[in-house]
Amino acid sequence: MDKFILTLVIIGAINWGCIGIFGLDIVGALFGGQGAFISRVIFALVGLAGLWALTFYTKLRNNSSGS
């Protein structure tokens with residue numbers, strides 16, 4: 001599950017980078033615009049993945065304290 005979440009976070013980061021640098025929303029362009037249902041689902045999944053990724057900090061802390 002963590003690999004899937006990390007993949008979604010990376011997709012979101014690349015999309016935001018493209019928006020910031022080129023003004024191009026890749027997810028919106030591929031799936032019919034920002035308002036299209038599938039685009040909104042992808043954006044929501046990326047947002048939820050970002051929240052889930054916050055738990056990685058506790059996992060990193062637990063792994064580093066065991067060393």
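Predicted model: local features only at pLDDT ≥ 70, side-chain atom pairs only at ≥ 80, totals over all residues.
Residues are numbered from 1 along each chain as its sequence is written, and side-chain values use heavy atoms, with hydrogens and water left out.

**Helix α1**

Helices here are DSSP runs (H or I, at least four residues), numbered from the N terminus. The 21 residues of α1 should span 30 Å at 1.5 Å a residue, and its end C-alpha atoms sit 29 Å apart, which agrees. That expected span is 1.5 Å times one less than the number of residues.

Which residues of α1 are buried? They are I5, L8, G12, N15 and C18. Buried means under 20% relative accessible area, exposed over 50%, and partly exposed in between, using a 1.4 Å probe and protein chains only. Looking down the axis of α1, its buried residues fall within an arc of 150°, so they line one face of the helix. The arc is taken from the directions from the helix axis to the C-beta atoms. An α-helix has 3.6 residues a turn, so residues three or four places apart point the same way.

Turned away from that buried side, α1 shows the exposed residues K3, G20, I21 and F22. Just after α1 comes G23, with a positive phi of about 70°.

**Helix α3**

Helix α3 covers residues 37-53 and reaches 24 Å from its first C-alpha to its last, close to the 24 Å expected. S39, I42, V46, A49 and A53 are its buried residues. Seen down the axis of α3, they fall within an arc of 85°, so they line one face of the helix. The face of α3 turned away from the buried side carries F37, R40, L48 and L51, which are exposed.

**The largest pocket**

About 200 Å³ of space lies in the largest pocket. Of its 13 lining residues, G12, N15, W16, F43 and V46 are the closest to its centre. A pocket is an open set of points on a 1 Å grid over the protein atoms alone where a 1.4 Å probe fits, with protein on both sides within 12 Å along at least five of seven lines, and lining residues have an atom within 4 Å of a point. The volume is the space filled by probe spheres set on the points, which are joined across faces, edges and corners.

α1 gives the most to this lining, with seven residues.

N15 is in helix α1 and is buried, with a relative accessible area of 5%. N15 touches L24, D25, I26, V27 and F43, leaving aside residues up to four places away in sequence. The C-alpha atoms of N15 and D25 are 6.2 Å apart, though the two are ten residues apart along the chain.

L6 is also in helix α1, but L6 is partly exposed, at 42% relative accessible area.

Definitions and conventions
Helix = DSSP H or I, 4+ residues; strand = E, 2+ residues; numbered from the N terminus. Contact = heavy atoms within 4.5 Å.
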